[in-house]
Amino acid sequence: MNRSFIGRNPSILIFLLVLAIFTIGVTFMSEAFGAGMISTSFVKTLGKTLCLALVAVAMDLIWGYAGILSLGHFAFFGLGGYMIGMWLMYERTREIVESSMMEAPIPPTEQEIVDGIGNQIFGVVGSSEFPAVWAFADSLVLQLALVVLVPGLLAFVFGWLAFRSRVTGVYLSILTQAMTLALSLYLFQNDSGLRGNNGLSGLQNLPGLDDVSQDYVSMWFFWGSALALALGYVFAAWIVSGKFGSVIRGIRDNEARVRFLGYSVEGYKLFLFTVTAMIAGIAGALYYPQAGIINPAEIAPIASIYLAVWVAIGGRGRLYGAVIGAVFVSLVSTYFTGGQAPDINLGFYTIQWVDWWTILLGLSFVLVTLFAPQGIGGLFDLVSGRHHPDRHGADLGPDHGSLREEEAEE
Amino acid sequence: MLKRLLVIVLAAVCLATLAKAQDAATQATDDLGPMQQVLQEHADLIVESSRRTIGPAIDAVANSGLEAAQTVLEVWQARDMYQRIEDGLFFAAEETGDDIFTLTDFDTGVVVGEVPDDALEQIKPNSGIRSLIGTALVSFQLNDPDRAKRDEAISSLERRGNAELLTPLRNSIDGEPDPALKERKMRVERLMTITYDPDEDARIEAIEEMAGDLGVDVRATLNPLVATTIRVFPDGNVPADLNIAREVEPGSEELPVAEAYEMLDGPPMVSSDDLRATLQDNIVDGRVGGIPVAELFDPERREAAYGALVDAGTIPPRPTAEEAAQAVEDATFVAVYAEPNPAITAAANRALGKIDTNVGLNQFLDLGLDALSLGSIYFLAAIGLAITFGVMGVINMAHGEFIMMGAYTGYVVQQIIPNHTASIIVAIPLAFAVTFAAGVAMERLVIRWLYNRPLETLLATFGISIALQQLAKNIFGTQARPLTSPDWLGGSVVLNDVVSISTVRIAIFVLALVFLCVFLFIMKRTRLGLETRAVTQNPGMAGAMGINPGRVNMLTFGLGSGIAGIAGVAIGLYAQVTSEIGQAYIVQSFMTVVVGGVGNIWGTLLGAGLIGALHKGIEWFNPSNTLAAQTYMIIFIIIFIQFRPRGIIALKGRAAGD
Amino acid sequence: MSQLLEVNGISVTFDGFRAINNLSFNIGRAELRAIIGPNGAGKTTFMDIVTGKTKPDEGTVLWGEMSRNLIGMNEARIAQEGIGRKFQKPTVFEDQSVEDNLLMALRNNRRAFAVLFWKPTDADMNRVSELAAEIGLSNALGRKAGELSHGQKQWLEIGMLLAQEPKLLLVDEPAAGMTPEEREKTTDILVEAAKTRAVVVVEHDMEFVRRLNCKVTVLHEGSVLAEGSLDHVTANKQVIDVYLGR
């Protein structure tokens, strides 16, 4: 027990090493800093994949370790993206508006610039007024703070309500899905203040860096994403390695027992739910500048379900499993849906992967759930000989029918 | 001299000819029928056909008191009246052969003969004239023996009343044999009295009689009476003879100060855009009014530059904000009724007030019906789930896709069987069969391996859900497919102008009730229901008593799925069929079951009702925004679950398990 | 001597069924007590009420020197007050090592932040070894709890309870499914524990209760039927009727 944190978790070192090699490799093959073997758009894809891996780590914390199948973490991811997107879009539009107004014979007033930005941004939804939510859009520092605070606050309020009334298991999943649906429907409205279904766009352009080519910008974001993933991974590993990890795994396996040991289960869940929401927000804030556009469809419940799919395929309850799942599934998805995969001609019917990939994914997900609950990560157990106690078919979530507990009544 | 002589001679000749013609006409009139005489009297007007001058001609025909008057007007309106060029007489003509017209005399109704079309001149009344003729005709048609014509006449009056027709209408009421038409005539008479009767008391009486009536026509009649326009009196002296509704305060929402100021004919205010434009026009050597252009990003410097321009006399001074405010302050703004008679407007306002109250009550009723039908839809969508989730405890996220499969089954059946009624009758059992089979297959292949692992069931069924959705997209494409309801479901039941409900919704409501009964019957009265409950409560014990839990689970799951399929057909009739139709209902369905209380069908019913009512209620507050309604509804449900975590009807005690 | 736990007149009804009916019960600071009773007598519900799992319809549960009412507190709060509970079915965290299980149960600050930054001290590690020795699992510290035998799991759970250092231990049918040797060891652990704290044992097995050699409370239909030594209560006519049927 007195060995160091890293010493007890050699997988962290291995992970960091692999990540570093990957990052350096991509750097040397990029168009900006190396041989140009990897196109800038693929660098962006890789950078985005790292962000997805980060949100998958957060998902694994809350689901794989604490047993809370949240179908809302991609909503937090999207919120983070929206928060940084507001600043990017505001400042970028300000530049455009200023440069066009500067050509006028009379220099613009501050108010005219703001009005001009408002017109540019909200013209598509038939408005020109800045809604209250944009109050801090001109400040990078404040918007960066909001990247963490907004998802965190939403998770805190929602979690406080849900955990307090001891909603657990599938009920909680459905409730988080409802929250996600509510949020995306809200953002779909034109008067939500975030441009309705148009979403925020042009996020790939960094304000003030017009003369820097996307080749370089993409690399910066790639490095940023790699760093965030490394930090997030170490942080998550630190959380689950100590007694806190024991407690949340205990909550996953037997909530009532943990409660009778004197731990405030609700408090732990709330803490973890909020922290993972914040990590998801950070991942989103790094993802969407690389994607260039964010709209409410990104937040739709199905996205959060895919997140669960990644983690399940990669392997729940192990952090590297989540990373492997996210990276593997999203890259394979990109391959199949991007049109690169060759069609299969069966003679009477041609399988086009763009159409059939989702079906394959759905079915393979069913197969993984049925036959390989450990996911891809389970392969490592074959190598390392890690042994799992026979759980007699008990699931990883809380007890069957936890909601019906007596205490839930009042 | 010669010239003058010539003129005289010419004039004489002309006069002679004219006299001769007059003679001929006079002589002819004696032989002509009375209607032809009337027509000939106004021949010039009729032939000239101008909306402005035609009035006397139409009146003459209409008021001639002749039997033929109605025929003439009808023929005229239908552009079937022709003038014979030879003698200028008017006939009803019908083309009976190739360019050959058969002429009929108006007075006698006798066929006069056949003539080629070049011997005739068609009278072509324009649309304005035809509508005038139509108005004149109405008074005849109101008493026409043909019921359809009377009906048409009343409809014409309902669309557009006419002061002159008030009396003919009143006269026609007593003689009306058809009670329905009589009622309509009386109603139109009341409404026309409100608008056209010259007698104030009669109008007020009519207004009071119609107070509280829900008809849109009543509101359409009354609203113009109370319409107002805002007028300004700069010195505050409002003429006493105006029918004033109220004084308008500038700065209110109705009348912003800027608008109020514009109504006063003062010098115009200068907006910041105008100011900028003015400055731009007056740039001299990079300076405006002596201030360098580069400094003009500062609003204060702009003001200063404008001031300098004014001082220099380059531009006229503008009113300051204070001056404008003062001017607005000094003036009086009033809303004036277009209707000059205050007694009428007061009566109309009272009547409208009553109508509003009545409309409000009926809207509430309408909202209640809407909520009921929406609740039925949620109930339909959720009832299958109430079986699989509520009774068996299996989370089936592909439930929405079963609904979709049912809807597509209905669509495919309609492609094969074109008769809508027959296709629906075939589609319902077929949809049940298809989804029952799908449900059984899913239970056998996936779910039975995952009993008691709800989260994993949830995930696996998610996988099936996205696969099925994509499959539907591959087969049917992404565009919405119509599922047309049979004609007898197409209409709607109208109680009055406010409350109406479409027949499809009633059918869905009935279907929901039927499903409720079927569910109760199966669960409480059949062997399957008993075995299902036994297996759910204690699979081991049930197995020991000879029940095959696998078979029961399979059948129960199939039943829940099959009901989802039928619900899919019903929902498809009401909404467009797309591959995402199930997604639209799945969250609400789960909410319905959870809010109602898991494992209790009455709870599901209450939950559906609650969610339907809530949805409609929120929509009523913000009708333009259904997205917001859904958002707030979900938030409400999240909060609701705080207070009743186990739903409206909760199982209590140790039996509920822990 | 003042009582540690005073349960006064509690009643609870489930769907019209009166599970606990005006029940009163006291126990002192260092006392071993057995509760017996036929099925449905309300033994488990009684424990549920004391540990905060079930809220009674009426009555009070007073605790400790300050005589604080436990009703209205949540389970975690009550556990922190010093009431430990062992379930009928051994519930240990099977996916974690015996050491982790014990560490989690150790009496320490239970707040999330404190736990997050918590590092085991030497004293903590010594206490874990002591407990492991006491429950006979010294050699199994590194093993996953799921790999233990049924009896070992029961002991581990008792060990976790002891690690909590509770003032009152509620133990539900500890001997179920144990071999005779294991029962004997369990008896020793419980008797030893009762020297420094109050222990309430719910048990069906009269032989086991006899070996505990303590005061016995008989529950029937949600209220106390008799109280006293085992010999005393088994001589009671009513008790015989209840157990043997009338």
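**Spans, domains and contact**

Author: This is a predicted model. For chain B, the unreviewed UniProt entry carries the annotation "transmembrane region" at residues 377-395, 424-446, 498-523, 555-577, 589-614 and 626-643.

Reader: How much helix and strand is there in residues 555-577 of chain B?

Author: That span is 87% helix and 0% strand, and its end C-alpha atoms lie 27 Å apart.

Reader: And what about residues 589-614 of chain B, how far apart are the end C-alpha atoms there?

Author: For residues 589-614 of chain B, the end C-alpha atoms are 14 Å apart, with the chain 85% helix and 0% strand.

Reader: Which domains is chain B divided into?

Author: Domain 1 covers 1-31, domain 2 covers 33-131, domain 3 covers 142-225, domain 4 covers 228-341 and domain 5 covers 359-650. Between domain 2 and domain 3 of chain B, the C-alpha centres are 31 Å apart.

Reader: Changing topic. How many residues does each chain put into the contact?

Author: Chain A gives 60 residues and chain B gives 57 residues.

Reader: What area is buried between chain A and chain B?

Author: About 5400 Å², and carbon and sulfur atoms give 70% of that.

Reader: How many salt bridges are there between chain A and chain B?

Author: Three salt bridges are counted between chain A and chain B. One of them pairs B:R276 with A:E112, where the closest N and O atoms are 3.0 Å apart.

Reader: Which element gives the most to the side of chain A that touches chain B?

Author: α7(A), with 14 residues. That side of chain A divides into 36 nonpolar, 13 polar and 11 charged residues.

Reader: Back to salt bridges. How many are there over all chains?

Author: The count over all chains is 51. Among them is A:R92 with A:E95, whose closest N and O atoms are 3.9 Å apart.

Reader: Where do A:R92 and A:E95 lie?

Author: Both lie in helix α4 of chain A, residues 73-102. A:R92 and A:E95 are three residues apart, about one turn of the helix.

Methods
Residues are numbered from 1 along each chain as its sequence is written. Chains are lettered from A and ligands numbered from 1 in the order in which they are written. This is a predicted model: local features need pLDDT of at least 70, side-chain atom pairs count only at pLDDT 80 or more; totals for chains, interfaces and linings use all residues. Side-chain values use heavy atoms; hydrogens and water are left out. Contact means heavy atoms within 4.5 Å. Buried area is the accessible area (1.4 Å probe) that two parts lose on being put together, summed over both. A salt bridge is a side-chain nitrogen of Lys or Arg within 4 Å of a carboxyl oxygen of Asp or Glu. Helices (H or I, at least four residues) and strands (E, at least two) are DSSP runs, numbered from the N terminus. Ala, Val, Leu, Ile, Met, Phe, Trp, Tyr, Cys and Pro count as nonpolar, Asp, Glu, Lys and Arg as charged, and the others, Gly among them, as polar. Domain bounds come from an automatic or database domain assignment. UniProt positions are given in the numbering used here, feature names are shortened, and annotations may be inferred rather than shown by experiment.
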